[in-house]
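I opened the notebook to look up two things today.

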Amino acid sequence: NFIMVFVKHSINQEVNIMKVTAFVGSAQRKHTYHAAELFLKNLSALGDIQTELIVLSDYNLQHCRGCRLCLDKGEELCPLKDDRDLLFDKIRNSDGVVFASPNYSFQVSGIMKVFFDRFGYMFHRPPFFGKSFTCIVTEGIYGGKKILEYINFFGYGLGFNTVKGSCITTVEPISADREKENAAIIEKHANKFYSQLNKNQYPSPSLFSLMMFRMARSSMKIMLSDDSPDYHYYNGNGWFKSDYYYPVNLNPFQRAAGKLFDKRVAYIAKTKGKVGFI
């Protein structure tokens with residue numbers, strides 16, 4: 001009877017399965033695709049993780065026209081009718097995301113950049129706090145580290161907990177030693193990302209992050225009104241009254257610094273009539 005009760009409890013007990021989605025910015029199912037695939041395989045071997053691999057070229061992504069409707073009126077008014085929201089929902093439904101791109105002309109691939117540009121309004125209204133983020137770059141010779149910095153900053157700007165990405169060399173023909181080295185890099189990277197997935201989702205902010213939040217929200221409160229989507233988003237999330245984007249216990253120094261940042265924005269607005277943080 002004890003065994004039956006234990007088995008029944010185990011079946012009914014909610015299993016905490018995390019979801020990680022990788023977005024591949026290459027139409028070729030070769031080096032970048034296989035690197036992302038190997039990363040997810042290593043990740044799955046570490047715990048209960050559901051994975052999905054998305055090839056961006058399989059989706060309809062249109063080029064941003066720079067009309068600013070998403071910024072000034074709301075993202076729902078974007079004139080482009082593509083798969084943006086479908087892909088964004090995949091991120092919202094994930095605990096962690098991976099962006100994988102080849103090095104094309106010393107930058108992310110074209111389709112990856114098109115995808116990035118569809119996030120434009122989110123830099124004003126970051127939504128992904130508590131989620132983990134990392135990236136993979138495949139390249140032939142040079143430039144991958146700068147691309148990693150760019151993608152990492154992109155993830156940081158959207159609110160993710162970022163894990164430094166990895167860059168692997170895939171110049172052909174790839175030797176057996178190079179393939180072994182790349183596999184070791186991916187495995188180590190997956191271990192670090194898995195560790196982040198299991199850490200505190202809401203870490204204490206750096207002084208720079210705290211400054212950016214307090215000065216951005218203070219400038220919005222002074223200069224914008226409720227008909228602005230930025231103002232409405234901050235107000236709806238309670239950010240005009242909170243210490244930070246998410247619940248966190250600031251130490252005395254952080255609290256004092258936050259108040260100082262608020263006062264600085266108020267002073268600039270009073271003396272110059274404008275603030276350059278929105």
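How many salt bridges does a search of the whole structure find? I ran it on this predicted model and got 15.

**Entry: charged pairs.** I checked Arg 84 and Asp 85. Their side chains form a salt bridge, 2.9 Å from N to O. Is Arg 84 buried or exposed? Arg 84 is buried, because its relative accessible area is 5%, under the 20% cut-off. Asp 85 counts as partly exposed at 39%.

Next I took helix H4 (residues 84-92). Asp 89 and Arg 92 both lie in it, three residues apart, about one turn of the helix. Their closest N and O atoms are 3.2 Å apart in a salt bridge. Asp 89 is partly exposed at 37%, and Arg 92 is partly exposed at 37%.

Then I looked up Arg 255 and Asp 243, which meet at 3.1 Å, N to O. This pair links distant parts of the chain, 12 residues apart: Arg 255 sits in helix H10 (residues 252-272), Asp 243 in the loop between H9 (229-236) and H10. Arg 255 is partly exposed at 37%. Asp 243 is partly exposed at 27%. I also noted a network: salt bridges with shared partners join Lys 19, Glu 52 and Lys 90.

**Entry: strand S1.** I turned to S1 (residues 18-24). Seven of its seven residues are buried. Side chains in a regular strand alternate between the two sheet faces, so I checked each side. Met 18, Val 20, Ala 22 and Val 24 are buried on one, Lys 19, Thr 21 and Phe 23 on the other.

Which strands pair with S1? S2 (residues 49-55) runs parallel to S1, joined by seven bridges, with Val 20 opposite Thr 51. S3 (residues 96-102) pairs with S1 in the parallel sense over five bridges, and Phe 23 stands opposite Phe 99. S1, helix H2 (residues 31-44) and S2 make a right-handed β-α-β unit.

Definitions and conventions:
Residues are numbered from 1 along each chain as its sequence is written. This is a predicted model: local features need pLDDT of at least 70, side-chain atom pairs count only at pLDDT 80 or more; totals for chains, interfaces and linings use all residues. Side-chain values use heavy atoms; hydrogens and water are left out. Buried means under 20% relative accessible area, exposed over 50%, partly exposed in between (1.4 Å probe, protein chains only). Helices (H or I, at least four residues) and strands (E, at least two) are DSSP runs, numbered from the N terminus. Two strands pair if DSSP finds at least two bridges between them. A crossover is right-handed if, with the strands pointing away from the viewer, the path from the first strand over the helix to the second runs clockwise. A salt bridge is a side-chain nitrogen of Lys or Arg within 4 Å of a carboxyl oxygen of Asp or Glu.
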